[in-house]
Each structure stands twice: as C-alpha cells, then as structure tokens.
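Here is a short briefing on a two-chain model.

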Number of protein chains: 2
Amino acid sequence: MTDRLLMKNLRLMGGAPVDVLIENGRIAQIAAGIAARVGDAVELCDGALALPGLVDAHAHLDKTLWGMPWHPHDQGKSLQQMIDTERALRHELDMDPARQSARQVTLALSKGTTAIRSHVDIDTDHGLRLFEGVAETRQRFADVMQIEIVAFPQSGMMIREGTVELMDRALRDGADIVGGLDPCGIDRDPKGQLDAVFGLAEKHGKPVDIHLHEAGELGAFSLDMILDRTESLSMQGKVTVSHAFCLGMNDPARVNAQLDRIAALGVSLATTAPASRPVPSVAACRERGIAICAGNDGIRDTWTPYGNACMLERAMLVGLRNNFRADVEVSWALDTCTKDGARVMGLEGYGLEAGCRADLVLVGVEALSEAVTQRPQRRLVVSGGQIVARDGETLDPWQTA
Amino acid sequence: MTDRLLMKNLRLMGGAPVDVLIENGRIAQIAAGIAARVGDAVELCDGALALPGLVDAHAHLDKTLWGMPWHPHDQGKSLQQMIDTERALRHELDMDPARQSARQVTLALSKGTTAIRSHVDIDTDHGLRLFEGVAETRQRFADVMQIEIVAFPQSGMMIREGTVELMDRALRDGADIVGGLDPCGIDRDPKGQLDAVFGLAEKHGKPVDIHLHEAGELGAFSLDMILDRTESLSMQGKVTVSHAFCLGMNDPARVNAQLDRIAALGVSLATTAPASRPVPSVAACRERGIAICAGNDGIRDTWTPYGNACMLERAMLVGLRNNFRADVEVSWALDTCTKDGARVMGLEGYGLEAGCRADLVLVGVEALSEAVTQRPQRRLVVSGGQIVARDGETLDPWQTA
C-alpha cells in the first residue's frame with residue numbers, strides 16, 4: 001500500500017469529473033486538478049463513473065460451492081428439505097468453510113463489494129466449525145473486506161437441543177450478531193425461539209438479524225412478536241428482519257401498519273428481491289425512512305444454482321422486482337446495495353466524501369442507471385485505500401485458489 | 001464463408017466431447033475424431049459447452065436506444081403513458097429504425113442469438129417508416145439472423161383511424177405476422193380489434209401474435225375472445241399470446257381451464273418473465289405441451305433502462321421467476337430461449353443434430369445450468385455456418401457503428 005493514491009478524472013456517482021486523493025486508507029481530498037507529488041501512485045480513470053464500495057448485507061459465506069465441481073440440484077423446494085439437504089451435503093462434499101468463504105470474498109472483491117454481512121450456520125451437527133472457518137476468512141481479508149458474522153441457527157434453535165449454547169459460544173468468540181429463523185415455521189415455538197434470540201442479544205450486547213420467510217398472516221404474527229421484543233427490550237435500531245415476505249403479501253392496511261411500527265422502532269429490512277416471492281416494497285420503506293438493504297443471499301450453493309456475488313446485479317434485480325424504471329428509482333435500487341447496506345451494517349465512514357474510508361468502484365458507463373442495468377466489468381476496485389481488483393480480476397494477495 | 005468448418009472437441013448441451021463438421025451452413029456430421037481435410041477451417045473448442053442458437057421470440061427492434069447517449073427515464077408507468085412518451089420521443093431523439101435495429105442485431109449476435117421475432121410499431125404518426133427500417137436490417141442480416149416482423153399496432157388500432165390500413169400495407173410488403181394489443185385496455189373495443197386482427201390474418205394467410213397485458217378477469221375475457229376466434233377461424237397452431245399476465249393472476253381453476261383450451265388449440269405463449277408482474281407458469285405450460293417461449297422485450301428504450309439482448313440472461317430471469325432450481329428445471333428455462341422459441345417461430349432445421357442449420361453458441365462452462373446462471377461471455381457464435389462472434393464480440397461485416 002502506497003502512502004498516497006491519486007485518482008485522476010473520475011465522476012463520483014456520475015457527477016462532474018474530479019480527482020480523488022487517498023491517504024492512509026481514507027479519501028483525503030476531492031477536487032479538480034489535484035497535482036501529483038513525487039512518489040504518489042497515480043491512476044488515470046478516463047472519466048469512469050465511481051460508486052462507493054458495494055455492500056452485500058445478506059450473504060452466506062459458509063454455503064457457497066464456488067470453485068468446486070458442478071453440483072447437480074435436485075432437492076425439494078421446501079425450506080426444510082433445503083436445510084436438511086445442505087446439512088448432509090456438507091459432509092459428502094468437501095465444503096471447507098474457510099476456503100469456500102475466501103473464494104466468495106475474492107469473487108466479491110472483483111465485483112466491487114467491500115462489506116458483507118454473512119449469516120453463518122450454527123448447528124449441533126457442525127458445531128462451530130463453519131463459524132470458525134468464516135472467522136478465519138474475516139481475519140485474512142480484514143484490511144479490504146468488512147465482514148460481519150451473524151450466528152445463524154439454520155437448522156432451528158429449539159428443535160435441536162444444544163444450539164442455543166453453541167450460539168452463545170459463537171457470540172462469545174466473535175460473532176457480531178444474533179441470528180434467528182422462522183420462529184413458527186421452523187421451531188414451532190415462536191415464544192421460545194424469540195426469547196432465546198433476544199436473550200442472547202441482551203447477554204452479549206449485540207444486535208439481531210432474523211430470517212423471516214413465513215407467509216401471510218403467520219409471518220405478520222412472528223413479525224409482531226419480533227417488534228414487541230424490540231420495543232420492550234429497548235432494542236430500537238439494533239434489529240434487522242431479513243426477507244419479510246409477509247410485507248409483500250398481506251392486505252395494504254396490515255402491511256402499512258407494520259411498516260409504520262418498523263419505522264418507529266428503527267428496525268431494518270434486508271431483501272434479496274426474489275422474483276418468485278412477494279417482497280417488501282422498497283419505495284414504501286423509503287417513504288417511512290426504513291433502511292432496506294439488499295443481499296445476494298446464497299450464491300451457487302446447495303440451495304440454488306444462481307448467483308455470482310455481483311451487487312450491481314442484485315441492484316438490477318431489486319429494480320426489476322420493484323418495477324423501478326425512472327433514473328431516480330434505479331438509484332434507489334442501487335442505494336439498497338450501497339448506503340442502505342452501510343446504514344444497516346453501521347459502517348463507519350462510508351461514502352464518497354473527504355474523510356470517508358476509501359472504498360471506490362469504477363465502471364465505464366455514462367449514467368448511474370447504466371451501472372445497474374448493464375453491470376459492466378469493474379475497471380478498478382479500491383478498498384480501504386488499496387487497489388484490490390482491476391478489469392474484473394481480484395489482485396494478489398487477495399486471490400484464493 | 002469457407003465450405004467446411006470443423007469444430008473439434010465441444011460438448012453439445014454438456015454431453016460427451018465430439019467434433020462437429022459444418023458444410024454449406026448445415027451440421028453435416030457429429031462424431032468423435034472427425035479428420036480435417038486440407039482447406040477445412042478448424043476451430044479447437046477446448047471442451048466448451050455448445051448450445052443451439054438462442055431465440056429471442058419477443059423483441060422490439062425498432063425501439064432500442066442502444067448506442068445512443070443515455071436517455072433519462074421519468075415517464076409514468078401506465079401503459080398509455082409509456083406509449084405516448086415513446087411516440088413523441090421518436091421525433092425528439094434521432095431514433096433511426098434501420099440503424100437502431102441493426103445495432104441491436106449486432107449486439108444480439110455477440111450474445112449468441114440467431115433468431116428474433118420482433119414486433120415493430122405501426123401507427124398513423126410514423127406510418128410504415130419503422131417497419132421499413134427493420135425490414136432493411138432483416139435484409140442486411142438475412143444470412144445470420146432469422147428475423148420475423150410482427151406488424152404491431154402499439155398505439156391502438158380502433159382508436160387511431162388508418163392504422164388497420166397501414167397494417168394491411170405492412171403485411172402486403174413483407175411483415176410476417178399480424179400483431180395486436182390489449183383489445184379492451186387500449187382499444188376499448190375488443191370485438192372490433194380482434195375482428196380486424198383476425199381479418200388481416202385471414203386475408204394475408206399469416207399468423208397472429210397479440211400483446212395481452214390486461215389483468216385478472218379482464219385479461220381472461222380478452223383471452224377467451226382470442227381463443228374463440230382461433231377456434232372458429234381454424235387458426236390452430238397459428239396464434240401466439242404475449243405476456244398473458246392474467247394466466248398468473250386468476251384463480252387456479254380459471255387458469256387451468258384456459259391453459260387446457262390453449263393447449264387444445266395449439267396456441268403459443270411468449271413471456272418475458274417480469275419480476276414485478278404475475279406470469280404464466282412455465283411448468284404448467286410444459287405439462288400441457290403448450291409452447292411457451294421467452295423474449296427480452298424492449299432493451300434500453302424509452303420504456304425501460306434494462307436489457308442487454310442476452311437470452312441466457314432472459315433464461316436466468318425465467319428460472320428465477322419460476323423458482324427453477326433443479327438442473328432439469330433450469331433446462332426448461334433454457335428451452336424457453338431455445339427450442340420453444342424455435343417452435344413458436346417455426347424455424348426450419350433448428351437443433352444440434354446432423355442436418356440442422358448450423359447455429360451454435362459456445363460457452364466455457366461445465367454444466368448446462370451454469371450457462372444460464374452465470375451467462376459467461378460467448379466464446380464463439382456460429383450462425384448459418386458462419387462464425388459471427390468470438391469472445392463476446394461480433395465480427396465484421398456484422399458490426400454496426
């Protein structure tokens with residue numbers, strides 16, 4: 001890492017051309033015509049459009065099969081079938097969690113992602129092995145990828161004795177966030193699970209991020225229980241609900257009332273904007289000031305053959321799902337993959353202003369919307385002031401075999 | 001074009017490696033270890049996976065702004081607003097239909113598309129100018145892109161006097177198919193419009209392809225009227241309904257009865273698998289033997305900023321919309337962009353067998369699903385026996401400035 005990196009002629013968010021000076025991993029100056037000093041590393045950016053580092057706020061770094069031989073998919077489609085299939089396949093296939101998470105991080109860097117919130121499975125079959133593998137990757141990439149780990153009880157908490165204790169250990173050992181999953185649908189004990197989740201959060205002083213796939217009124221019921229605990233335990237601003245399909249399903253009066261309460265409690269939402277399921281409306285969230293962030297979820301894993309770790313592609317899918325066409329709307333889709341993700345993760349110094357952490361992604365397009373709709377190869381990715389990828393390829397030492 | 005093109009070591013649809021000999025634009029032989037003769041052009045394919053030429057069965061070649069300066073989107077979202085905006089912008093912007101359609105065809109070739117059914121606007125404002133421009137492109141690319149033109153009354157038939165006469169002229173002058181559009185929603189005269197559409201079809205002996213965006217029971221009503229005319233006029237096998245969102249909206253009993261009738265009448269469906277609207281189920285169509293094909297619809301035009309002419313990406317969107325995860329399901333998504341499109345267009349000699357027209361697309365992936373989920377750059381595209389694109393770039397003389 002050089003002391004100073006001077007980036008010449010780039011357009012921040014598609015604005016007028018400027019130069020950006022980076023010192024000590026931070027944006028030191030933004031101005032036209034910054035003069036280079038002897039010894040500066042200089043990058044000529046040819047008027048490329050610069051985005052802030054992309055944020056994948058809902059990932060599963062322990063699940064990907066990226067870089068492994070093709071795994072044919074034929075498991076059933078129920079959540080329970082996919083959970084059980086995966087737990088078994090982790091044994092059958094050689095799914096080393098440190099290697100696989102590192103492969104995904106390497107890939108994500110090449111696409112311009114500089115921060116990831118990863119749920120990591122904690123279960124009584126695999127113990128803390130998956131958490132430890134991802135924690136190893138977090139350590140290895142600490143300078144260039146900000147990774148949060150959610151201790152995620154993928155196989156259920158109440159139905160598999162010993163899971164709560166394992167989560168407790170993971171949180172003691174460095175997991176950042178308490179996860180949860182379908183308190184009715186998977187655990188069949190919403191009170192038991194949510195008391196355990198919020199109990200762990202209180203004990204460790206850590207936030208919560210709960211997967212909620214439950215449909216319709218069942219999902220709304222579980223969501224109400226989550227909001228009740230958020231309120232009564234003064235967890236305002238520390239709770240994320242991921243997916244929340246029910247907010248795209250129920251009648252508008254029910255949905256709007258829940259969104260109002262979500263806004264009042266400072267609860268965040270994470271979406272993957274799936275095309276095959278209803279989703280919370282990004283516009284309805286924005287109107288209320290709710291932070292709604294996006295994530296790629298699992299990429300090429302035992303659940304799904306899709307995904308490539310590109311958060312510009314996720315922004316496109318958010319845009320398509322929400323029927324965003326106007327330029328301002330497409331920028332909202334991009335926000336879910338940039339600043340709203342940063343807001344949910346609580347990233348310090350995020351943005352494209354002097355003083356911010358120097359995370360920049362350069363793409364050769366004219367307009368901001370094009371970055372989303374065309375998802376061009378990333379010309380240059382800078383993370384924490386370091387050049388980590390060029391022309392779509394992650395550079396050494398951030399490559400993973 | 002050389003007389004013989006020998007492609008060595010490729011895997012048809014991911015099967016065992018073979019060699020493919022192409023003579024006179026056709027696949028002459030498929031076998032292991034075909035010996036090259038002196039003078040043969042030889043392509044070493046390194047075990048790449050070969051797909052048949054991709055088929056974009058619902059496009060709008062006269063609409064794209066591809067290659068033009070970025071056009072900010074801020075029009076309203078109603079169908080009528082988008083129609084009116086476009087008609088005006090065609091004048092304000094320099095949307096030359098021959099140039100723009102050629103640009104899209106050049107782009108589509110680079111992505112492996114070798115056949116396109118394009119709706120082309122016919123209206124009293126622009127007359128036959130758009131049709132003539134696309135017809136010029138059809139002529140220019142005749143050797144390498146099979147283009148069908150639908151005479152499409154985008155602005156309405158009954159509400160704009162003179163439109164039916166213009167369509168009549170277009171069909172006389174070489175348009176292949178009679179188009180139509182929301183007989184209730186746009187024309188407010190379903191009997192009048194459909195009698196005119198089917199009257200033109202009868203007069204010119206040409207098939208029909210009708211855009212049907214109408215929702216719920218209204219869409220089902222218009223669909224019934226289309227099916228009635230298909231039956232009474234013995235148009236079995238000659239009618240396509242595009243979009244047909246109502247088949248993803250109504251209650252299952254209503255939908256299933258209509259699908260059964262669609263199957264019995266040999267009517268085809270075309271889908272773009274939008275994430276923000278209900279769609280006909282691909283699986284439900286396949287169960288009944290209904291040909292359901294896919295198209296990219298408009299790409300980067302005054303309606304939408306999305307789209308890149310890639311039919312592997314469309315296959316991915318079909319897969320995501322239908323929640324297709326298993327390998328066999330992903331192959332169904334691919335079918336909508338390959339053989340089902342060919343079936344709807346009635347392409348002669350389509351496929352990867354000896355005797356077929358030599359349209360092949362090579363991608364460097366292990367499994368068929370990966371071609372859809374990863375959409376890698378096309379290594380080589382062969383159309384009508386000619387190499388038209390390599391490493392993602394269309395070759396001369398098929399480039400368009």
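Chain A can be laid on chain B by a turn of 180 degrees and a shift of 0.0 Å along the axis, with an RMSD of 0.0 Å. The two copies are thus related as by a two-fold rotation axis. The model is predicted.

**Symmetry and shared surface**

- Ala275(A) comes closest to the rotation axis of the residues of chain A, with its C-alpha at 2.3 Å.
- Of the interface residues of chain A, 100% are also interface residues in chain B, so the copies meet through the same surface.

**Extent of the interface**

- Chain A brings 39 residues to the contact, and chain B brings 39 residues.
- The area buried between chain A and chain B is about 3,400 Å². Carbon and sulfur atoms give 52% of that area.
- Three residues stand out on chain A: Trp70(A), Tyr306(A) and Arg325(A). Together they supply 23% of the area that chain A buries against chain B, more than any other three residues.

**Polar and charged links**

- Four salt bridges are found across the interface of chain A and chain B.
- In a salt bridge, the side chain of Glu370(A) meets that of Arg300(B), with 2.6 Å from N to O.
- The interface of chain A and chain B also holds 20 residue pairs in polar contact, counting pairs with both residues at pLDDT 80 or more.

**Make-up of the chain A side**

- By class, the side of chain A that touches chain B has 16 nonpolar, 12 polar and 11 charged residues.

**A sheet in chain B**

- Eight strands of chain B form an open sheet with mixed pairing. Their order is E3-E2-E1-E4-E13-E14-E15-E16.
- The edge strands of chain B are E3 (26-31) and E16 (393-394). Each of these pairs on one side only.
- Strand E1 (residues 4-12) of chain B pairs with strand E4 (residues 41-52) of chain B in the parallel sense, over seven bridges.
- Arg11(B) stands opposite Leu49(B), a residue in E4(B).

Definitions and conventions: Residues are numbered from 1 along each chain as its sequence is written. Chains are lettered from A and ligands numbered from 1 in the order in which they are written. This is a predicted model: local features need pLDDT of at least 70, side-chain atom pairs count only at pLDDT 80 or more; totals for chains, interfaces and linings use all residues. Side-chain values use heavy atoms; hydrogens and water are left out. Contact means heavy atoms within 4.5 Å. Buried area is the accessible area (1.4 Å probe) that two parts lose on being put together, summed over both. A polar contact is a pair of N or O atoms within 3.5 Å; within protein, one must be able to donate a hydrogen and the other to accept it, and residues adjacent in sequence count only if both atoms are side-chain atoms. Ala, Val, Leu, Ile, Met, Phe, Trp, Tyr, Cys and Pro count as nonpolar, Asp, Glu, Lys and Arg as charged, and the others, Gly among them, as polar. Copies are superposed by least squares on the C-alpha atoms of residues with pLDDT of at least 70 in both. Two strands pair if DSSP finds at least two bridges between them. Helices (H or I, at least four residues) and strands (E, at least two) are DSSP runs, numbered from the N terminus.
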